[in-house]
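Below is a short briefing on selected backbone and packing features.

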Amino acid sequence: MKLKNSSTIWNIDWILVFLTFCLLLAGGLNQASATMGGLLFKKQLLWFVLGTLLMFTLAFSNYQNLLTPRIVFGVYFVLLFLLLVLDLKHTRWLRIGSLGIQPSEFAKLILTLTFSLVLYRRDEEFLDLRTLGLLSLIAFPVILLVAVEDLDQGGILFLLYFSFVLISGVPRKWLLLVTVSGILLAVVLGPKIWLLLKPYQRARVEAFINPEAFRLNRGYQILQALIAVGSGGFSGFGFKGGLSSRLNFLPEKHTDLAFAVWCEEWGFVGASLILVLFLALILRILKMASEVREPLGRMIALGIGVMIFWQVFINIGGILHVLPVASVPLPFLSYGGSAVLVNLMGIGLVLSISRRRYSFR
Amino acid sequence: MRYRRLLVNPEDPDYLDRRLRVVSILVGVIFAVLFLKLFFLQIIKGPYYRKLALKRSLRVFPLAAPRGNIYDRRGILLAGNSPSFTLALDPQTVRGEQGDKVLKKLASLMGEPFPSLKQRYLIARRESRNQVLLAFNLDRDVVAKIEARRFFLPGVEILVEPTRYYPFGAKAFHLIGYVSRLNSSELKRLSKEGFSAQDFLGRVGLEALFDKELRGKKGRRLVEIDARGRIRQVVAEEPPVIGKSLILTVDAFLQELADNLFQDESGAIVVMDPRDGRLLALDSHPAIDPQAFIRGFSSKEWDQIIHDIKFPLVNKALSAYPPGSTFKVVTAMAALEKGVVTPSSTIYCPGYYRLGRRTFRCWRPWGHGEVNMVKALEVSCDTYFFRVGEEIGIDFLSQTARACGLGRKTGLGFPGEMRGLVPDRHWKLRVYKEPWQRGETLNVAIGQGQISVTPLQLAKLLSAIVNGGYLYRPWCVTQILDPYGEVLEEFHPYSEGRLPAHPRTLKVIRQGLVAAVNGPNGTGKAAALPGILVGGKTGTAQIVGMKKRIHSKDLPYLRRDHAWFMAFAPADNPEVVVVVFVEHGGHGGSAAAPLAGKFLKAYFKGEHPS
């Protein structure tokens with residue numbers, strides 16, 4: 001293997017940069033249509049610029065100096081504190097002047113980093129109870145505090161936690177036990193849990209199963225999303241041409257359902273392109289994780305790959321009616337400053353890690 | 001074990017590498033699922049969803065086509081369109097505090113208390129998606145007030161729609177007809193042809209007969225609406241095509257004149273030009289203002305109309321009644337043609353006629369003495385016609401009546417026109433399963449009993465008698481015009497054939513009719529005019545066969561006789577035929593003849609049509 005100086009900043013993975021910029025371009029275009037080029041579009045562009053700057057700053061910095069346990073856990077506790085304060089105020093938003101920041105978005109990155117710090121030194125095949133306990137102790141306060149105000153975001157955090165547990169190795173016996181008991185529990189307690197669910201939670205599942213029956217209320221969102229996606233056909237209506245978005249049939253068109261706007265306007269061609277871009281991005285990040293030999297770095301890269309994957313899957317899966325609709329933004333395509341910053345910071349860290357590809361541990 | 005080797009790089013025992021590969025494969029699989037679903041939605045179900053999307057956001061608004069106009073022969077408007085103003089509010093704009101302000105202003109402009117207006121608005125808003133229609137047929141000054149304050153009334157719009165307008169109102173109701181909206185069963189039947197519930201359909205008279213021509217073609221406006229039902233843009237527009245116009249043979253002044261003859265009576269007047277069968281007026285009284293059908297009736301008003309014993313909805317000019325003595329012209333024709341009598345042969349009238357053991361009374365109990373044909377028509381001697389009727393026989397009499405155009409539709413084409421009835425042996429056998437009685441022939445010969453004719457049939461017959469025998473089909477439309485005034489179709493007189501009578505026969509009948517108006521004992525003297533020779537025949541049709549003679553006025557209305565008078569003038573060169581029918585009016589000579597006289601007097605005085 002050819003040796004290169006790891007300190008050279010030009011060693012970052014330019015393919016990842018390219019994929020990110022492609023997605024940012026698509027996101028900008030989509031916001032220009034979905035927000036009709038209004039104030040929100042300009043704000044989103046501002047976030048893109050800010051995020052890109054942050055991304056390159058992180059890419060060109062040394063993540064090992066930055067991500068010491070002291071700093072990461074310090075930030076973790078600040079996050080915990082902020083979440084607690086916001087929960088008491090019954091809001092998701094931290095207001096700084098006219099800017100709103102969603103700490104729950106940042107929770108994804110911070111949990112990834114703390115998990116990585118806990119796990120990277122281990123090289124046992126299976127997870128021991130002590131480590132599992134530690135992971136849970138870190139994860140659950142954040143998940144619960146987020147879920148109070150934003151159940152869907154809490155769900156994403158739980159999936160992240162769950163992924164890390166699986167990746168760290170769960171003995172097959174456990175896995176089997178948990179799966180079987182889970183199924184049994186679902187069969188036995190399912191109906192009772194169903195009754196315990198809040199009406200809007202039940203409605204979401206009902207709407208997923210049969211959106212036509214609830215087309216005026218609970219099923220409206222998914223039905224309109226399906227019409228938007230499907231009516232795009234092969235080549236779509238073209239930029240700003242989507243009937244569903246232009247005539248406001250599509251709710252949340254610049255946030256949760258931004259991908260539906262894209263599908264409607266650019267058709268199967270454009271939508272496949274986005275799927276390919278996301279797949280390439282995630283696989284590229286996972287490739288970085290496998291190429292880099294530095295244990296903390298590869299753990300972080302893996303975590304960020306998984307973090308982006310879950311957001312993409314939950315959002316697009318919801319819009320394509322593979323999953324129930326959840327209010328989760330699609331990275332780069334949905335409007336939202338915090339999400340843009342978090343995802344670009346994640347990419348920035350992966351880029352910084354990618355510089356280590358050519359060096360051994 | 002083997003699959004584990006697959007996942008683990010044997011050179012690198014790092015577990016993370018193995019799991020990274022698993023994760024990558026899982027990610028790939030899930031993306032494949034998403035991709036397949038995307039393919040399914042956009043490519044396979046794409047056309048379905050596109051159709052749904054278009055259906056959801058495109059609306060077609062019909063644009064009403066103004067109906068064609070109807071003009072009289074001089075171009076006077078009999079049916080046209082006038083704009084009607086509808087107050088429409090946009091519920092997206094008129095809401096909340098600002099909406100209340102707008103409603104308050106409107107309330108003061110329309111002179112309605114604000115709470116009631118607001119309540120009506122809230123109720124109407126539930127029923128409508130796009131626009132809330134708050135008031136119809138607005139007064140012009142209210143429209144002007146609202147238009148002047150338009151700037152202060154956001155979301156308020158005045159829609160202008162064409163509505164049928166009838167300048168002559170009830171006076172030409174049965175001729176022109178009326179329009180009204182489709183009822184639910186018609187809608188079911190006609191919705192395939194593009195009709196909708198807001199559309200009007202021509203009902204009776206010319207509006208019905210020429211409905212297709214008058215209707216025009218609805219336009220359409222294709223608009224794109226957003227999720228709140230607001231119109232975003234007009235995608236396409238197909239303007240409505242105005243209906244075709246009719247020019248009539250009818251003279252509006254004569255029509256008005258005819259209708260004005262009736263006061264409380266009910267009846268019909270048909271005015272015809274005998275030279276080619278064109279109608280100059282067709283009136284039935286009483287009638288209803290056709291405008292009222294557009295406004296609609298309350299159930300109480302409607303109840304009153306359909307229970308009115310004067311039947312304002314029935315066109316009496318096209319309904320069949322016993323003709324009474326007016327039928328004697330047919331009997332006279334049959335008698336002369338069959339050679340039963342000659343014009344000069346006389347019959348003695350003692351005031352009755354015996355047939356076997358039955359006695360048939362003449363209307364004049366003490367008789368008319370010796371009467372010939374002309375005299376018999378002048379004095380309307382029943383005995384004379386009993387006698388000739390018996391000799392003619394029902395077969396030839398009914399054959400002659402049919403050849404005179406009786407017992408069948410005249411060919412005018414109006415919906416609801418009746419055939420009338422000419423009884424004969426076949427009919428008797430078919431309906432009553434009994435053979436014809438000789439006595440019945442005598443009744444038919446003087447126009448009583450089962451026989452019935454319409455005023456229009458009599459006008460057609462009298463025209464033929466005075467024009468030399470040509471049975472012209474009655475007609476009332478000369479031209480159909482397109483909206484730019486170009487003639488699309490022209491109508492001409494049509495003769496169905498000739499009366500089965502020699503010109504000499506017709507001359508004798510005409511002499512008898514002139515004598516009936518001008519002779520010393522004429523029954524129709526009330527129709528005589530100074531300076532102009534008028535001919536005519538009275539008729540008094542009994543409702544119930546009576547043993548005793550009771551004066552009609554002492555009978556209840558529905559049992560009183562029908563009064564007829566048919567006239568032509570000037571006798572030497574007839575240019576107008578008038579048939580007057582007064583339902584339950586009593587004697588033809590006293591109830592119907594004066595009306596014909598008044599009409600002819602006015603006709604020849606000032607309203608002489610050129």
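B:Thr538 has B:Phe565 in S22(B) as its bridge partner. This pair belongs to a predicted model. The points below start from the sheet in chain B and then turn to a helix pair in chain A and to local backbone geometry.

**Chain B overall**
- Chain B contains 22 helices and 23 strands.
- Of its 610 residues, 42% count as buried.
- Among contacts in chain B with a separation of 6 or more, 72% come from residues 24 or more positions apart.

**The five-stranded sheet of chain B**
- Five strands of chain B form an open sheet with antiparallel pairing, in the order S12-S11-S23-S22-S21.
- Strand S12 (278-285) and strand S21 (535-541) of chain B are the edge strands, each pairing on one side only.
- From one strand to the next, the twist averages 5°.
- Seven antiparallel bridges link S21(B) to strand S22 (residues 562-569) of chain B.
- Helix H20 (residues 455-466) of chain B lies across strand S11 (266-273), S22 and strand S23 (576-583) of that chain, and runs at about 150° to S23(B).

**Cis peptide bonds in chain B**
- Most peptide bonds are trans.
- The bond from B:His285 to B:Pro286 is cis, with omega near -5°, and B:Pro286 sits in the loop between S12 and helix H12 (291-295) of chain B.
- B:Ala569 and B:Pro570 are also joined by a cis peptide bond, with omega about -20°; B:Pro570 is in the loop between S22 and S23 of chain B.

**A helix pair in chain A**
- Helix H5 (residues 103-119) and helix H13 (residues 295-319) of chain A pack at an angle of about 145°, their axes 9 Å apart.
- The crossing of H5(A) and H13(A) is right-handed.
- Residues of H5(A) that meet H13(A) include A:Lys108, A:Phe115 and A:Leu119, and those of H13(A) include A:Leu296, A:Gly303 and A:Met307.
- By class, the contact of H5(A) with H13(A) has eight nonpolar, three polar and one charged residues.

- Most residues other than glycine have a negative phi.
- A:Lys240 is not a glycine, yet its phi is positive at about 60°; A:Lys240 lies in the loop between helix H10 (220-232) and helix H11 (243-246) of chain A.
- A:Lys240 counts as partly exposed because it has 15 C-beta neighbours inside 10 Å.
- B:Phe311, likewise not a glycine, has a positive phi of about 45° and lies in the loop between helix H13 (299-306) and helix H14 (328-338) of chain B.
- B:Phe311 has 16 C-beta neighbours inside 10 Å, so B:Phe311 counts as partly exposed.

How values were computed:
Residues are numbered from 1 along each chain as its sequence is written. Chains are lettered from A and ligands numbered from 1 in the order in which they are written. This is a predicted model: local features need pLDDT of at least 70, side-chain atom pairs count only at pLDDT 80 or more; totals for chains, interfaces and linings use all residues. Two strands pair if DSSP finds at least two bridges between them. Helices (H or I, at least four residues) and strands (E, at least two) are DSSP runs, numbered from the N terminus. Axes are lines fitted to C-alpha atoms, for helices over the stretch in contact, and angles run from 0 to 180 degrees between N-to-C directions. Two residues are in contact if their C-beta atoms, placed from the backbone, lie within 7 Å. A crossing is left-handed if the near helix is turned anticlockwise from the far one by less than a right angle, and right-handed if clockwise. Ala, Val, Leu, Ile, Met, Phe, Trp, Tyr, Cys and Pro count as nonpolar, Asp, Glu, Lys and Arg as charged, and the others, Gly among them, as polar. A residue is buried if 20 or more other C-beta atoms lie within 10 Å of its own, exposed if 12 or fewer, and partly exposed in between; C-beta atoms are placed from the backbone.
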